[in-house]
Amino acid sequence: DCSFGRNSTKMSLLAKIAEIENEMARTQKNKATAHHLGLLKARLAKLRRELITPKGGGGGGTGEGFDVAKTGDARVGFVGFPSVGKSTLLSNLAGVYSEVAAYEFTTLTTVPGVIRYKGAKIQLLDLPGIIEGAKDGKGRGRQVIAVARTCNLILIVLDVLKPLGHKKLIEHELEGFGIRLNKQPPNIGFKKKDKGGINFTATCAQSELDGDTVKSILAEYKIHNADVTLRSDCTADDLIDVVEGNRVYIPCIYVLNKIDQISIEELDIIYKVPHCVPISAHHRWNFDDLLEKIWDYLHLVRIYTKPKGQLPDYTAPVVLPDGWTSVEDFCLKIHKNLIKEFKYALVWGSSVKHNPQKVGKDHVLEDEDVIQLVKK
Ligand SMILES: Nc1nc2c(ncn2[C@@H]2O[C@H](COP(=O)(O)OP(=O)(O)OP(=O)(O)O)[C@@H](O)[C@H]2O)c(=O)[nH]1
Ligand SMILES: [Mg+2]
């Protein structure tokens, strides 16, 4: 980014972003302004995308040292401001050394660790501290957030002594980079066409969007022909997310660290934050709760294999991610050619009515099912 040309485009993009953000802050949110706000939001989303994927710059990789190999059954990333205790957490949870210090920006690259929990191998990534404005290219934030996008779960680590406003700031940074936390993809049908104009339908009452607003948001993207179906009460942001594509939906846990420094009364208040686990990384307090919550939020599915005539092996499950748990997915996880030899499978457990039940490759398995493969 050192060439003058690049920097000046970046500055002008940042200036435009600030201008729109200011205008949005000044605009009262109501029915009369919804249309205008929708337009501003679409403009903002477009500028942000330009900022993170510079023209001709190849989209910008994660940068040296940031990209560590994905190993294990799931990847969990620690994101937070400097000195909140991310490295202490990695060291004490995974037994991996990551430099800990009282000064800020101790960790300068990704430090991986791995834990085994309920038979699953979970990769933990200690990431460098990020600062406000990270998504707009400040500090190492962009690389950090790019790695966060590859995680199956994000732990936002917060210092309980710092204001809860820090939580908002970090969420804002991640959101600006296309990460959606603890959220389902919007229930919007969207299909571009060659002609016929904008065909707008809503299957339920809409508090923010109407046909005109949808039309002008799409016009911002030079889309004049499309089918749009809103199947839940959607916001302009939801529609923009669908049009932009490239959004990732990741579960998130707020880890409130350093509870050794607060009172029991303060702890009671903190427990009310949704999706949170209070801990002390330094004293290893409440790690059991944290691990259990990590497990819950990852939604992993354990499948035990039973070789013919033997008992199932309950110590080494095959672990599948939620949504990828068909018998075919199971076979693929073991070996890429296994499915070619597959005839049928016998399954015991909650996914079947009879124990065992003969199933084909499309059968969807559930957590703790037992499977026996029968080859051709
Ligand atoms: N009191 C208290 N201090 C802690 C706790 N966990 C970490 N610390 C201290 O907080 C400081 C920062 O810890 P680190 O683990 O280096 O923080 P970090 O988030 O990795 O910081 P960066 O790498 O700079 O982003 C160190 O002095 C730690 O000893 C805790 O549970 N309680
Ligand atoms: Mg660190």
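The questions below take the terms in turn.

Mentor: This is a predicted model, in which local features need pLDDT of at least 70 and side-chain atom pairs count only at pLDDT 80 or more, while totals for chains, interfaces and linings use all residues. Residues are numbered from 1 along each chain as its sequence is written, chains are lettered from A and ligands numbered from 1 in the order in which they are written, and side-chain values use heavy atoms, with hydrogens and water left out.

Trainee: How many helices and strands are there in the chain?
Mentor: The chain has 11 helices and 16 strands. Helices (H or I, at least four residues) and strands (E, at least two) are DSSP runs, numbered from the N terminus. The C-alpha trace spans about 70 × 60 × 45 Å along its principal axes.

Trainee: What makes Ile 269 exposed?
Mentor: Its relative accessible area is 60%. Buried means under 20%, exposed over 50%, and partly exposed in between, with a 1.4 Å probe and protein chains only. Ile 269 is therefore called exposed. The residue sits in helix H8, residues 264–270. From Ile 269 to Asp 367 the distance is 34 Å, C-alpha to C-alpha, and the two are 98 residues apart in sequence.

Trainee: Why is Glu 341 called partly exposed?
Mentor: Because its relative accessible area is 37%, Glu 341 counts as partly exposed. Glu 341 belongs to helix H11, residues 338–341. Its C-alpha atom is separated by 9.7 Å from that of Leu 373, 32 residues apart along the chain.

Trainee: What share of the chain is buried?
Mentor: Of the 376 residues in the chain, 48% are buried.

Trainee: Why is strand S4 described as largely enclosed?
Mentor: All 7 of the 7 residues of S4, residues 153–159, are buried, so the rest of the structure largely encloses this strand. On one side the buried residues are Leu 153, Leu 155, Val 157 and Asp 159, and on the other Ile 154, Ile 156 and Leu 158, which leaves both faces covered.

Trainee: What makes S16 a partner of strands S12 and S14?
Mentor: The bridge counts are 3 between S12 (residues 301–305) and S16, running parallel, and 6 between S14 (residues 342–348) and S16, in the antiparallel sense. Tyr 304 has Val 370 in S16 as its bridge partner, and Tyr 344 stands opposite Val 374 in S16. S16 itself, residues 369–375, is mostly covered, with 5 of its 7 residues buried.

Trainee: What is recorded for residues 299–375?
Mentor: An unreviewed UniProt entry annotates them as "domain: TGS". UniProt positions are given in the numbering used here, feature names are shortened, and annotations may be inferred rather than shown by experiment. Over residues 299–375 the model has 16% helix and 32% strand.

Trainee: And what is listed for residues 10–37?
Mentor: The unreviewed UniProt entry lists "coiled-coil region" there. In the model that span is 86% helix and 0% strand, with its end C-alpha atoms 24 Å apart.

Trainee: What divides the lining of the second largest pocket into nonpolar, polar and charged residues?
Mentor: Ala, Val, Leu, Ile, Met, Phe, Trp, Tyr, Cys and Pro count as nonpolar, Asp, Glu, Lys and Arg as charged, and the others, Gly among them, as polar. The lining comes out as 12 nonpolar, 6 polar and 5 charged.

How values were computed:
Two strands pair if DSSP finds at least two bridges between them.
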